[in-house]
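This report covers aromatic contacts. The sequence and structure are shown first.

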Amino acid sequence: MAEDIKIGAYICQGCGIGERVDTAQLAQVAQRDAKANIVKEHPFLCNAEGVKMIQDDIDNEGVNRVAICACSRRAKTDAFSFDNVAITRANLREGVIWIRPDTDEARETTQEMAEDYVRMAVTETKYMSLPTGDEETKYTPNLLVVGGGVSGMTAAIEAAKAGYSVAIIEKTGALGGAAANSWKRIPQRGPYADPEDTGVDALISEIEANDKITVHLNSTITKTSGAPGRFSVDITTESGSTVTENFGAIVQASGYKEYDASQLPEFGYGKSANVVTQAELDAMAKEANGAPLKTKDGKDVTSVAFIQCVGQRSDKEGHLPYCSGHCCSTSIKQAMYFKDANPDIDTNVIYTDLRTPGAGGEDFYRSGQRKGITFTKGEVSEVVESGGSLEVKFRDLILAEDTSEKVDLVVLATGQVANAGVNIEEVDQDEPGQFTVNVDSILNMDYRQGKDLPQLKYGFSDSHFICFPYETRRTGIYATGPVRRPMDMQQAIEDATGAAMKAIQAIENAAKGRAAHPRSGDLSFPHFRREGCTQCKRCTVECPFGAIDEDEQRFPVFNEERCRRCGTCMGACPVRVISFENYSVDSVGQQLKIVDIPDEFDEKPRILALACENDAYPALDMAAMNKVEYSAFVRVIPVRCLGSVNLIWITDALNSGYDGVVLMGCQKGENYQCHFVKGSEIAHIRMSKVDDTLQSLSLEPERVSVHEVAITDIERAPGIINEMAETIEKIGMSPFKF
Amino acid sequence: MSNMNQAMVEKYRNDFLKEVKANVEEGDWVQMCMQCGVCSGSCPFGPYWDHPPQELFMMIRAGKREEVLSSNSMWMCTSCYNCIARCPRELPITHIMHGLAHYADRLGLAPKEQPTRKFANRFWDNLVKKGRVNELKLGVSLYFMNGFIEGIKTAMAAAPLGMGMMKAKRLSPMEYFGGHGVKDSKGLDAILKKARQIEDEKIAKYNS
Ligand code: SF4
Ligand code: SF4
Ligand code: SF4
């Protein structure tokens with residue numbers, strides 16, 4: 001930190017702050033305790049005049065650190081945005097006056113709260129510098145699309161339309177993917193009454209005619225290395241020849257395969273040629289090219305049964321537990337192949353729940369009914385051959401009886417299984433500096449954490465389902481289509497369009513050294529002090545995004561472009577050598593230390609709350625807007641992710657006399673809402689070890705609590721703080737007050 | 001019509017559904033039911049039916065011709081219209097119930113002793129005679145619907161009511177002899193004849 005630090009602290013009196021707290025006193029605190037160089041009060045800081053006052057100090061007084069003591073950092077961000085200075089906020093409005101009662105007896109503690117937040121904000125600025133960004137950024141406006149099915153082709157066309165060059169890698173000898181073997185598709189346009197042309201041929205010709213798109217057929221990826229903006233990919237053909245190309249971003253559209261129906265002998269698959277899967281029926285229809293479909297023994301089909309949820313939505317061993325989403329509509333579509341050709345052919349769709357997602361789903365269902373397709377709510381137990389036809393035995397769930405039907409053809413709705421490559425948690429990783437090709441892998445990444453995209457459950461690649469669905473756990477690599485979750489063609493097209501856009505963003509962000517979602521635009525990235533590193537590898541292992549590799553001496557190698565700036569590495573490092581320019585062990589640690597800790601007999605405990613800035617902190621802000629009160633003894637510090645919480649903060653807090661520590665992060669686990677996927681989970685694991693620290697200090701375990709908080713927990717989040725205050729009342733003050 | 005009653009109906013084939021579509025009033029709606037069960041749950045008589053509407057519709061699809069047409073269920077419908085008001089698929093359920101009952105009656109498959117059926121037939125016979133319902137005759141015939149002794153008992157019990165109505169000029173004993181009717185009873189006959197002819201043709205066409 002070579003440059004001189006000059007801190008300006010600006011205290012707003014607007015929004016009732018001036019009436020509720022003594023701002024002159026706050027100004028004194030900023031100057032005397034926190035050592036701000038310039039301190040000013042203003043009756044209305046976010047108006048043009050207030051903003052100008054700050055800008056003037058930046059321009060004329062050389063202020064390069066700005067502490068805005070006003071409203072929440074989430075409010076008035078447009079007004080309080082100044083270039084080339086580090087900015088912090090003391091949350092006097094949402095964090096103090098709105099959550100405290102306006103009474104005479106509350107006045108003293110309210111003032112103390114405000115004073116602490118001013119001290120903290122000014123102190124924080126001292127430990128912040130302006131992110132300089134990544135100097136080695138590269139601009140590679142090429143996109144690699146892995147997989148030449150509908151998703152892949154759509155992504156390629158969309159990216160090419162936006163002006164980017166695209167290479168498609170397809171392992172088979174032709175474009176088209178699963179859709180190429182279909183006769184028609186579920187309708188995508190109103191009135192959603194009839195099956196439509198698949199559109200695959202049109203996509204293929206569009207790709208062939210587009211000189212921005214190159215296609216590598218019969219090819220696979222034998223190595224992917226680098227990072228967004230500078231991926232280097234080895235493309236190997238069947239014959240073994242390899243080319244290496246550079247790409248800015250990657251879209252993985254590796255699709256799905258049909259669940260293996262031979263695992264379901266009870267449905268007669270493999271025993272009778274007239275029991276087929278949906279994909280096989282579509283292939284039959286495609287081959288027939290409009291002619292009436294025949295049974296395998298060449299007879300006209302007079303009746304067909306479609307059995308839904310075959311080996312899916314089932315908790316039986318080896319079955320798929322999930323719903324593949326498209327199969328009900330696919331069966332309706334296929335029943336129409338028969339009905340449209342000859343309304344006298346009987347088609348019976350046997351389902352337990354008919355699900356037709358999408359805007360046109362319900363209309364398509366009705367259209368099927370209008371065409372005379374029978375829909376039977378029932379559970380099939382067995383399909384057997386009998387007297388030259390097939391007998392489908394099932395329980396009619398409406399009529400509550402076991403019954404059966406004789407048909408010429410049975411179609412099984414088996415589900416989609418993702419082609420997501422290898423599960424990196426189940427295969428061994430290469431040692432640093434070594435690399436072997438895994439033939440089952442799709443991307444063959446040389447990342448330390450493994451060769452393919454991490455999976456969440458059921459073998460689909462993990463992507464942030466709720467907030468940013470394309471964003472996988474490998475920055476710059478976007479999963480789209482059924483590799484991400486089961487879906488039909490229309491959804492895949494929409495999905496691929498989105499993924500192409502995200503990939504373009506990644507290319508552009510990487511070139512500017514900016515982070516992708518959710519801290520999009522952030523220029524800071526982790527710096528590490530090599531001399532201090534003990535090569536413990538925690539950062540390498542814990543980074544949710546595989547951003548960190550290892551060199552041959554086992555030192556971490558940070559790949560800035562892959563980093564999402566969550567700070568999980570910083571939280572992990574036991575020797576605290578990882579930091580960001582504007583977020584570090586010190587920038588938080590020094591804040592919690594500057595808080596004034598009243599002595600034991602004052603009956604004023606102090607609670608430290610570390611709240612995730614994505615969900616928990618906004619929840620507290622919203623609680624404030626709703627005037628939900630909470631304890632005046634808490635000091636809340638927002639953190640980038642609970643994963644960035646370093647144990648030292650907890651130890652420091654307890655050592656310096658805090659009576660309780662509350663951590664609030666997002667939901668973890670399979671249905672995670674954590675914006676950094678693993679951050680909250682990792683923090684929970686780390687904090688389970690905090691008991692040792694507490695024990696060594698002879699403190700009660702209740703003094704530290706970790707919570708999963710959603711952005712909607714407007715009552716609960718303050719409740720958690722109040723609970724801690726009550727606990728302290730019960731167990732007494734900490735003895736560590738000096 | 002006898003051949004039809006013995007028609008072989010294959011299970012879960014469209015045969016019976018097609019018959020219902022062709023011959024039952026509003027029958028072409030049956031295939032649009034999505035089996036949500038809202039109608040059955042909404043029917044005030046739901047618990048008393050052997051087969052509430054949703055189930056009847058499934059039985060039609062399952063090809064249970066015999067069971068549906070000889071069922072007493074659709075005769076239970078009181079035309080409260082709860083189901084129609086609530087059916088998310090907007091099926092005219094009430095009308096289908098009456099349509100099914102009527103069709104079953106025509107085919108002679110409806111249960112003989114079903115009281116609603118008996119009442120309906122009496123009502124109809126009474127009505128078509130003069131184009132107006134003769135309430136006295138209808139009432140008396142209903143009293144004696146279940147036998148002579150039963151009839152006397154019911155008539156005695158209802159006597160004070162009848163006297164009251166006569167006093168209030170709501171009922172005339174003279175109605176028993178002839179009674180009043182529409183002006184053009186020939187015309188009415190012709191209309192009814194034509195209607196029956198159309199219906200017969202429809203059914204004949206379906207059977208051919
Ligand atoms: S843990 Fe987070 S901050 Fe650290 S390198 Fe990984 S993505 Fe970046
Ligand atoms: S966690 Fe810290 S000590 Fe361990 S390898 Fe990473 S930087 Fe080095
Ligand atoms: S409410 Fe309508 S759709 Fe639902 S079961 Fe009854 S008839 Fe069918």
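How many aromatic pairs are there over all chains? The model is predicted: local features need pLDDT of at least 70 and side-chain atom pairs count only at pLDDT 80 or more, while totals for chains, interfaces and linings use all residues. Residues are numbered from 1 along each chain as its sequence is written, chains are lettered from A in the order in which they are written, and side-chain values use heavy atoms, without hydrogens and water.

The count is twelve aromatic pairs. Rings of Phe, Tyr and Trp (its six-membered ring) pair if their centres lie within 6.5 Å; planes under 30 degrees apart are stacked, over 60 edge-to-face, and the rest tilted. Two of the pairs are tabulated here.

| Pair | Centre distance | Plane angle | Class |
|---|---|---|---|
| A:Y322 and A:Y458 | 5.3 Å | 35° | tilted |
| A:F394 and B:Y12 | 4.9 Å | 65° | edge-to-face |

A:Y322 is in the loop between β14 (303–307) and α9 (327–341) of chain A, and A:Y458 in the loop between β20 (416–418) and β21 (463–464), so their pair ties together parts 136 residues apart in sequence. Helices (H or I, at least four residues) and strands (E, at least two) are DSSP runs, numbered from the N terminus. A:Y322 is buried at 10% relative accessibility, whereas A:Y458, at 44%, is partly exposed. Buried means under 20% relative accessible area, exposed over 50%, and partly exposed in between (1.4 Å probe, protein chains only). Ring pairs also link A:Y322, A:Y458 and A:F460 into a cluster.

A:F394 belongs to strand β17 (residues 389–396) of chain A and B:Y12 to the loop between α1 (2–5) and α2 (15–23) of chain B, so this pair joins two chains. Both A:F394 and B:Y12 are buried.
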